Amino acid sequence: MEKTCCPSYTIRLRAGDFVPSKEQQRVSRRMQRFVDGALDVKKAVEATEDPSTCASAFNEVSSLGTKETSSVTKKEKNMGDHITDYLSEQVDNVIWTCRESGQFPCSVQLPKASVKKVSQAKRKLLVEGAENLMYSSNIAFQIAATIRQAQSIVKDASQSAEDNPLPPKIIAEKLAASLDQLAKTNGLSIRACNGHINYYTAATQASSNKDSHIATSSQESATGREGCSLRNSSMHPKRKRRRLEIRLKRSSFDPEEFALYKRYQINVHNDTPDDVSESLYRNFLVDTPLVPVQPSGDDRVPPCGFGSFHQQYVIDGHLVAVGVIDILPKCLSSNYLFWDPDYAFLSLGKYSALQEIGLVKENEVYCPSLQYYYLGYYIHSCSKMRYKAAYRPSELLCPLRYKWIPFERAQSLLDKKSYVVLSDSVLLQNGESSQPLVSGNVMEEQDDDNSNNVLIDDE
């Protein structure tokens, strides 16, 4: 009987180059909505966020700005609250994208955005053209102040004036540029004005029918769309915020962690209770050959030190996930993750990976050599490991030449052939061959000795 072998490659990425995909951004937003109390926990279903289906709600509220009324009805007020909540969430999403792309510091916890409706009385006091001003946010001032305060803590004499944080005006312009297309989709225009983000009605609107809240050129919006998340959100009670804590601790046995691990293995991987003993758990995820290194106060060791760690994810005092990681002078290595099956809808595997990449970025500030995030082994033929390649731009290590090959180049090779000596194949693609080439059979023989491939759920 012929033996089947699955070649494995070490996979890594430079944390500073990481660009989150749309799916990875959705995972972060889902967690934020859960913490904010906006996600339906019982149904475990993400709230609908399709701006094109909510145009009627935006146009309905925008039309209120042209009415000469002394009071606002309760229905109109509730709708206005939902609109500002929605706009605030969109600003938060853009801020998160700017943070992940490096436009804002990754190590700084930025404030939540708040978009507020501008009263008609205040609009009359502003400059000409402000009569169409509907909403405004001063989040740029808050971001600038937060960054300035954080930088003042770590600033030293060697820093130059170029390290000064962006002024509110520039921050507002960055955010407005990203938000502009979304605002237009919803019948609004957006402009940055002296550090403020302002939303305007796209055109002066009027209504002569007291029973109608909509008077726009797009009359189909008056039919109302049942899928609008803003309208549906009025059916829910006041949101209850949750507290999410991410704690990094040295690797040690913790009864609460073991109980979670046991529940995870039984429910997710269908292990029997006898398969999940304390001794096996200790040997697998607690005991470590790494000698702990404490912070040295210089740029050689980050504030957390080096060694093996457990990163705990705690929601309202309840342990929901534990990431087992090693922090070394040049990388953070992700070893394993176990989580509470009741929180599977949060995609904690993906969320923890994003947090670990962020941890590398934060500590690189203190320890410049710490730049890489290792995701363990990658097996191209194993569907459960394909998720690792979603964190880009990543590299695969050729186990024979010990050269790192960009995944984009390796992928096409692995799609065609199971056994590939990556470095030699890339040389052949480039028309180069400075070393004797090795056949795929050698890789198959070498892989027989590899017994450390651990499948880690991507959820």
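This dialogue explains how to read several features of one predicted protein model.

User: How many helices and strands does the protein chain have?

Analyst: Helices (H or I, at least four residues) and strands (E, at least two) are DSSP runs, numbered from the N terminus. The protein chain has 13 helices and 12 strands.

User: What percentage of the residues in the protein chain is buried?

Analyst: Buried means under 20% relative accessible area, exposed means over 50%, and partly exposed lies in between, with a 1.4 Å probe and protein chains only. Of the 459 residues in the protein chain, 45% are buried. Strand 3 illustrates the term: five of its five residues are buried.

User: Which strands form the open sheet with antiparallel pairing, and in what order?

Analyst: Strands of a sheet pair through backbone hydrogen bonds, either parallel or antiparallel. Two strands are said to pair if DSSP finds at least two bridges between them. Here four strands form an open sheet in the order 2-3-5-4, and the pairing is antiparallel. Its edge strands, strand 2 (116-117) and strand 4 (188-193), each pair on one side only.

User: Which residues stand opposite each other in this sheet?

Analyst: Strand 2 and strand 3 run antiparallel and are joined by two bridges; Lys-117 stands opposite Tyr-135 in strand 3. Strand 3 (residues 133-137) also pairs with strand 5 (residues 196-201), in the antiparallel sense and over four bridges. Between these two strands, Leu-133 has Tyr-200 as its bridge partner, and Ser-137 stands opposite Ile-197.

User: What is the strand order of the sheet with mixed pairing?

Analyst: That open sheet has eight strands in the order 6-7-8-9-10-1-11-12. Strand 6 and strand 12 (404-406) are its edge strands, and each pairs on one side only. Angles are taken between axes, which are lines fitted to C-alpha atoms, for helices over the stretch in contact; they run from 0 to 180 degrees between N-to-C directions. With direction ignored, neighbouring strands of this sheet are turned by 30 degrees against each other on average. Within the sheet, strand 9 and strand 10 (residues 372-378) run parallel and are joined by three bridges; Leu-332 stands opposite Tyr-373 in strand 10.

User: Which helix lies across strand 6, strand 7, strand 8 and strand 9?

Analyst: Helix 8 lies across these strands, running at about 70 degrees to strand 9.

User: How do the axes of helix 1 and helix 10 cross?

Analyst: Two packed helices are described by the angle between their axes and the distance between the axes. The axes of helix 1 and helix 10 come within 9 Å and cross at roughly 100 degrees. Angles under 35 degrees count as roughly parallel, over 145 as roughly antiparallel, 65 to 115 as roughly perpendicular and the rest as oblique. Helix 1 and helix 10 are therefore roughly perpendicular to each other. Their contact (heavy atoms within 4.5 Å) is made by Glu-23, Gln-24, Val-27, Ser-28 and Met-31 of helix 1 and Leu-348, Lys-350, Tyr-351 and Leu-354 of helix 10.

User: How many salt bridges are found, and which residues form them?

Analyst: A salt bridge is a side-chain nitrogen of Lys or Arg within 4 Å of a carboxyl oxygen of Asp or Glu. The whole structure holds 14 salt bridges. One of them joins Arg-241 to Asp-36, with the closest N and O atoms 2.4 Å apart. This pair links distant parts of the chain, 205 residues apart: Arg-241 is in the loop between helix 7 (229-232) and strand 6 (244-250), and Asp-36 is in helix 1 (residues 22-36). Arg-241 is exposed at 51% relative accessible area, whereas Asp-36 is buried at 13%.

Arg-263 forms a salt bridge with Asp-340, the closest N and O atoms being 2.3 Å apart, and another with Asp-342, at 2.9 Å. Arg-263 lies in helix 8 and Asp-342 in the loop between strand 9 and helix 10, so this second pair ties together parts that are 79 residues apart in sequence.

User: Are these three residues buried, partly exposed or exposed?

Analyst: Asp-340 is buried, with a relative accessible area of 3%; Arg-263 is partly exposed at 31%; and Asp-342 is exposed at 51%.

Technical notes: Residues are numbered from 1 along each chain as its sequence is written. This is a predicted model: local features need pLDDT of at least 70, side-chain atom pairs count only at pLDDT 80 or more; totals for chains, interfaces and linings use all residues. Side-chain values use heavy atoms; hydrogens and water are left out.
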